[in-house]
Amino acid sequence: MNSFFTQFAATEAHNAAEKPDIFTSLGIDWKLLVLQIVAFLILVWLLNRYVYPVFLRIVDERQSKIDESLKAARAAEKSAESAQDKIDEQLDQARLQAKDIVTTAKDEASAMLSKADEKSKANAEHMLETARDEIGKEVIAAKKALHNETIELVAQATEKVIGKTHTAKADASVISDALKKAEK
Amino acid sequence: MTGGLSRTKLASYAADRLIAGDQKVIEELAAYLMTARRTKELDLVVRSIYEALEKRGVVIAEVVTAEKMSDDLRSQIAKLLGAKQLELREHVDQNVLGGVKLSTPTKILDATLSHRLMQLRERKI
């Protein structure tokens, strides 16, 4: 290795001694420089042409994926917030509905109770009225029966009493009275 | 005789003859009713004759009492009926209990106690 560098330096020194221009003095081989520039340009072109686009595309894709993910995350977050709001709203509505249902049920129960109460009162009054009517009818029937029985008893008693106590004199008096009444 | 005479005319004719003392009219009337095939009207004709006699002052009255009638009662009845000639057909019926039932062809006076008791019983409801 040392020998290589020594040889190279000797060659360079020899070349410098032969062409003493600025490149030579600076140790630059312009031919080599041009070649290197060309190679560099080719490399840049190749990179531009085949490598960078791939990298850029991958980067862009990743960036777009990240953006999409971010967007999706934000959307999911918003959706979650919205869902929570909806859930809260639905819960509120459900509570309100439940409250309404309970209130309605209470009102209906109260109305039913009231109606049942009125119906039972009406039934009771009707039964009472019917009972009164029946009692009234029975009383009337009993009065009639008593009246008829009294008449029959009076008639029978009168028949018996007259049969035993009615005398010819009394009979004559009765007949006389009847004839006098008929004259009038 | 054809069946054209009314009951009223027959009764009037018979009543006049009976008042005159002609009892034969009864037989003639019976014969007429048989000939005219009006025997079904016999009761009605007799009743009409009684009515005709009553109009002429001859009253045939049926009297029902519980006891035998006294002369006083007979005179009271005669006075009540105001008849020129009165024939009383008396019946004693213990079932009437008391009082009197007087029937003429046109009027009925029921003043018996049984009738009053019946009226009382009719007041049953």
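Student: In this predicted model, is Leu97(B) buried or exposed?

Tutor: Leu97(B) sits in the loop that joins strand E2 (85–92) to strand E3 (100–103) of chain B. A residue counts as buried if 20 or more other C-beta atoms lie within 10 Å of its own. Because Leu97(B) has 20 other C-beta atoms within 10 Å, Leu97(B) is buried.

Student: And is Arg37(B) buried or exposed?

Tutor: The place of Arg37(B) is in the loop between helix H2 (24–35) and helix H3 (42–55) of chain B. Since Arg37(B) has 9 C-beta neighbours inside 10 Å, Arg37(B) counts as exposed.

Student: What is the phi of Arg37(B), and what is the phi of Leu97(B)?

Tutor: Most residues other than glycine have a negative phi. Arg37(B), although it is not a glycine, has a positive phi of about 50°. Leu97(B), a residue other than glycine, also has a positive value, with a phi near 70°.

Student: Which element gives the most to the side of chain A that touches chain B?

Tutor: The contact takes 22 residues from chain A and 21 residues from chain B. On the side of chain A, the elements that give two or more residues are helix H3 (30–165) and helix H4 (168–183). The element that gives the most, with 11 residues, is H3(A).

Key: Residues numbered from 1 in each chain as written. Chains lettered and ligands numbered in written order. Predicted model: local features only at pLDDT ≥ 70, side-chain atom pairs only at ≥ 80, totals over all residues. Contact = placed C-beta atoms within 7 Å. Helix = DSSP H or I, 4+ residues; strand = E, 2+ residues; numbered from the N terminus. Buried ≥ 20, exposed ≤ 12 C-beta atoms within 10 Å, placed from the backbone.
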